[in-house]
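Hello,

Please look it over when you have a moment.

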Amino acid sequence: MAVNDPDLDILDSNRAGGKAIRGGALRTLSYFAAMLLSLASVPFMTRHLGTVDYGYFVAVSSIIFIIGGFTEAGLTNLGIREYSVLDGEARDRFLRELVGLRLALTVIGVLVATAFAWVTGARPVVVQGTFVAGVGLLLTLTQQTYMVSLTARLRFGWVSALELIKHATISVGIVALVLAGASLLPFFFTSVAGGLIMLACTLLVLRTESALLPAYDRARWKRMLRDVAPYALAAAVGLIYFRLAIILMSYIAPESETGIYGAAYRVVETVGVIPWLVISAGFPILARAARDDAGRLRYALQRLFDVSALMGTLISMCVAIGAPFAIEVVAGPKFAASVGVLRLQALSLVTAFLVATWSFALLSLKRYAALLIPNAAAAIAAGVLTLVLVPGLGAKGAALATFGSEAVLALGYLLALRRTDPELVPSLGILPRLAPSLAAGAAIGVFVPAHPVILVALAALAYLALAFAFRAIPPELVNAALRRDPPPL
């Protein structure tokens, strides 16, 4: 069992839980800060470049997003999982080999993307921008690989600071280029600057702790790719199912309904990152427990489920109540019909927390193939539900289809976890204790006449107060907030 010994690896210590909880909160705050930086800088760029050049910028960004998805191939999570269960020199050797593999895959991906843009007759600025942004991707993914070391050792202060440094660099670069009256191409270099500075800072942090030179080991690379292949395929399918509704709507629904759904989708896509930031902070602990201590793994999964239920319900409620304000900010008053769609889509934020929890549990247990079938089922459910519901319900039908596919994925993961070990299935005891909190928050949102932002604040306070009163807040969250470590086991 974990003990509170300062000489132990942090993952074997009782301090691990508190550090993971505070780390998840810190990464979430860092994410919101990065969003604010983008909101402050991107509007300047869009107005400066105009519709045509900004369209080229988005096109290049989309190409790089796809290439990044393929070359990432699940290697970051695989890296965190393996680094968490290794010790000493084996950790350093693994990290060097992982960095080498990431470099090789990303270089190939960037060259293929650039060649594709050139062969297909894209404008010179798009070809050049693809290569430049690809270099930025190479730097970013390399830094993310080195950051496996920080994440697996629960050093989330540095993780959050480094991510924020990158976004601040990009935002400052964008504003500076706008003030200088720059053309389109220099804007692609902002990602290079952000990635370079973030990588340099990461190497400075790790310089005395790890061997940093990439390593080439063809046999180990093959084993890594073989292990990660099912998970990489599952992740690729996962990217598809969440976006399938809006893709199909462009074929089967009026353009107005697609636009209404798209405005709500953008909000949920942005907020939907939060479950993964929160839950991923506990992933190294799950991986270590899966190796050493089945009892600790069951305990950690139960607590993560409790946190998922608590936070998922809270965030879903807040998005539903604040939907009018969110849509006004994102899309403007012409998209008032998106408010009801967003409120339906908010339901998927609850399932997103469950999906994150159980997917990391399966990853910790090396059940890579078990992740693939639920994702395929979710993609099929998304397609079928969209085709059935959208003709009659329009954008709201697409929102229900997205929630349905997320529910299918969460259930599939839970069944896979049950087949692995029935004792890993969590108790649902927290749900009745959350019911009064949700009822009070929802009542404030419906019956109190006030601005949506004020309603969100009041509803969240009422929700948390009643959750505390009914003991629906795990004590670990309170201890972590007060920086109190639990006693040794």
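A salt bridge here is a side-chain nitrogen of Lys or Arg within 4 Å of a carboxyl oxygen of Asp or Glu. This is a predicted model, where local features need pLDDT of at least 70, side-chain atom pairs count only at pLDDT 80 or more, and totals for chains, interfaces and linings use all residues. Residues are numbered from 1 along each chain as its sequence is written, and side-chain values use heavy atoms, with hydrogens and water left out.

The salt-bridge count comes to 11.

D292 pairs with R291, with the closest N and O atoms 2.6 Å apart. D292 is partly exposed at 45% relative accessibility (buried means under 20% relative accessible area, exposed over 50%, partly exposed in between; 1.4 Å probe, protein chains only). R291 is partly exposed too, at 36%.

R220 bridges to E97, the closest N and O atoms being 3.2 Å apart. R220 sits in helix α7 (residues 218–252) and E97 in helix α3 (residues 89–119), 123 residues apart. Helices are DSSP runs (H or I, at least four residues), numbered from the N terminus. E97 is buried at 4%; R220 is partly exposed at 21%.

E476 bridges to R303, with closest N and O atoms 2.9 Å apart. E476 lies in α19 (residues 475–481) and R303 in α11 (residues 294–321), so this pair ties together parts 173 residues apart in sequence.

Regards

Terms used. Helix = DSSP H or I, 4+ residues; strand = E, 2+ residues; numbered from the N terminus.
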